[in-house]
Amino acid sequence: MSIRRRGTAAGAALALSGAGVLLGLAASPAQAAEVSYATHCVPPAGISPIDGTTKVEITAPATAKVGDTVDVVWKFVQAASKNPDIIDLPANSVQPSGILKAAGAQAADIAMQGTRTNPAIPKGGAMVLSDMKGSIKLTTAGEVTLTPDAYTVNAMSTDTKCTPKETVQKAAAIQVTGGGGGGTSSPTPTPSTTPTPSATPTTTASPTATGGSGQTDYTGKEVQVPYACKTPIGDKNATSPVQIDARRNGGNFDLTVQFKKSVMNSPADIPKGSVKPSMEVVLGGADKGTVHVEGPTNAKDIKSGDPIEIPDLTGTYKPGASGTSTLSPGVLTIKALGTTTTCTPTKTEVSLTLDTSRQPGGASGGTSASGGSTAGGSGTSGSGGLAETGASDHGALKALGLVAGTAILLGGAVFTFMPKRRTR
């Protein structure tokens, strides 16, 4: 009896052990082998292509059935480069996406998407990219291998595209058996879409205001200003509606320059006190020279996805001549996070006309040839390059150029910067 009992117990233990082994095989995840491969990355214009090494780990189920939809994860063990010594990258400003190649029993391109989640990355610091996720519906029995392929890193609205320079080894495999009943579908994450700015109605140009007896406030007309802008990452063009208003203050005029356009969302967290705009308003007619106007820095942090507004630019115009003087939008300068973007109008249009009386120490004067005016009422061509800010029919000054990324994974980055919405 004892022998039979021992035999029965041993058999039961063996059976349980075997069941446990089978259960473990059915539930065990794939061993996510780390693969390394030489990578060629092309940053935005102005940054030379860089070659580096990417290390990736892919995780997927070890076994599945035909009809199942399974989730896969792409983990960046090592990005192809560090953040160069150009600028600190703010938190939550980098988002990866890519393609995972399925081969073997089933061939497919699996779209992978990460979140815009990263710590602040200092100059020279290692790049930190979020895990990318995707899913595939299995249709054929057999072994399905998973291999990393090309990927893109989006940083503050610019893309750096990276492709393998060599044959990449498989990083995981799924053993697919037939007769599946269909698993629970897990949709592949899709990148969020930045809202398209709504077009601002263009106002009909009204006669410019002139100084009359007792008048103190003068409203300029809204003019469309095409800019050629120079950024640390290249030469670009942009167009923005601008309006110059004035208020008489004794013999001087307090100026307010408004950029009128709908609000765009910020693609990254922007710390307070980091953005400072200014402009040189161009004088014409009786007077010559420029008037410096500037706006305050952003008073509070701007979260990713929140609107970024350009404030009113203000300054004082002290006339240097008596007569009829014109004011036109001039060179725009934006300083942010240690970088400077300079935008020069390629064509200028008068926004405001004033009757002026010469003030001591005023602008250059009507007949001076050395008045310092670099652009008269007709406008001048400018060199430079602000990142592309949208079609001119939107009237959008959309971005200031920032060298805000890594030379390999980010290159230069451009963060979207739009004027605030105004009610007429």
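Q: What is the relative accessible area of C162, and is it buried or exposed?
A: In this predicted model, C162 has a relative accessible area of 1% and is buried. C41, to which C162 is joined by a disulfide with an S to S distance of 2.1 Å, is likewise buried, at 0% relative accessibility.

Q: Where do C41 and C162 sit in the chain?
A: C41 is in strand β1 and C162 is in strand β9, so the pair, 121 residues apart, links distant parts of the chain.

Q: And which hand does the disulfide of C41 and C162 have?
A: It is right-handed, because the torsion about the S-S bond of C41 and C162 is about 115 degrees.

Q: How many disulfides are there?
A: The count comes to two disulfides. C229 and C343 form a disulfide with their sulfur atoms 2.3 Å apart, and the torsion about that S-S bond is about 120 degrees, so this disulfide is right-handed. The pair links distant parts of the chain, since C229 belongs to strand β12 (residues 223-231) and C343 to strand β22 (residues 339-345), 114 residues apart. Both C229 and C343 are buried.

Q: What pattern do the disulfides follow?
A: With bonded cysteines counted along the chain, the pattern is 1-2, 3-4.

Q: Changing topic, how many helices and strands does the chain have?
A: The chain has one helix and 25 strands. Among its contacts with a separation of 6 or more, 73% are between residues 24 or more positions apart.

Q: How much of the chain is buried?
A: Of the 424 residues in the chain, 45% are buried. The accessible surface comes to about 19,100 Å², and carbon and sulfur atoms account for 53% of that.

Q: Which residues touch the most other members of the largest nonpolar core?
A: They are W74 and L146, in a core of 37 residues. The elements that give two or more residues to this core are β1 (34-42), β2 (50-59), β4 (69-78), β5 (94-104), β6 (108-114), β7 (132-137), β8 and β10, with the largest share, five residues, coming from β8.

Q: What is L146 in contact with?
A: Leaving aside neighbours within four places in sequence, L146 is in contact with I58, A60, V72, L100, K101, A102, I110, K170, A171, A172 and I174.

Q: How many salt bridges does the structure hold?
A: The structure holds six salt bridges, including one in which the side chains of D217 and R247 meet at 2.7 Å, N to O. D217 is in strand β11 (residues 217-218) and R247 in strand β13 (residues 234-249), 30 residues apart, and this pair links distant parts of the chain. D217 is partly exposed, with a relative accessible area of 40%.

Notes. Residues numbered from 1 in each chain as written. Predicted model: local features only at pLDDT ≥ 70, side-chain atom pairs only at ≥ 80, totals over all residues. Heavy atoms only, no water. Helix = DSSP H or I, 4+ residues; strand = E, 2+ residues; numbered from the N terminus. Buried < 20%, exposed > 50% of the residue type's maximum accessible area, 1.4 Å probe, protein only. Contact = heavy atoms within 4.5 Å. Areas by Shrake-Rupley, 256 points an atom, 1.4 Å probe, with all protein chains shown as cover. Salt bridge = Lys/Arg side-chain N within 4 Å of Asp/Glu carboxyl O. Core = buried A, V, L, I, M, F, W, Y, C linked by side-chain atoms within 4.5 Å. Disulfide = S-S within 2.5 Å.
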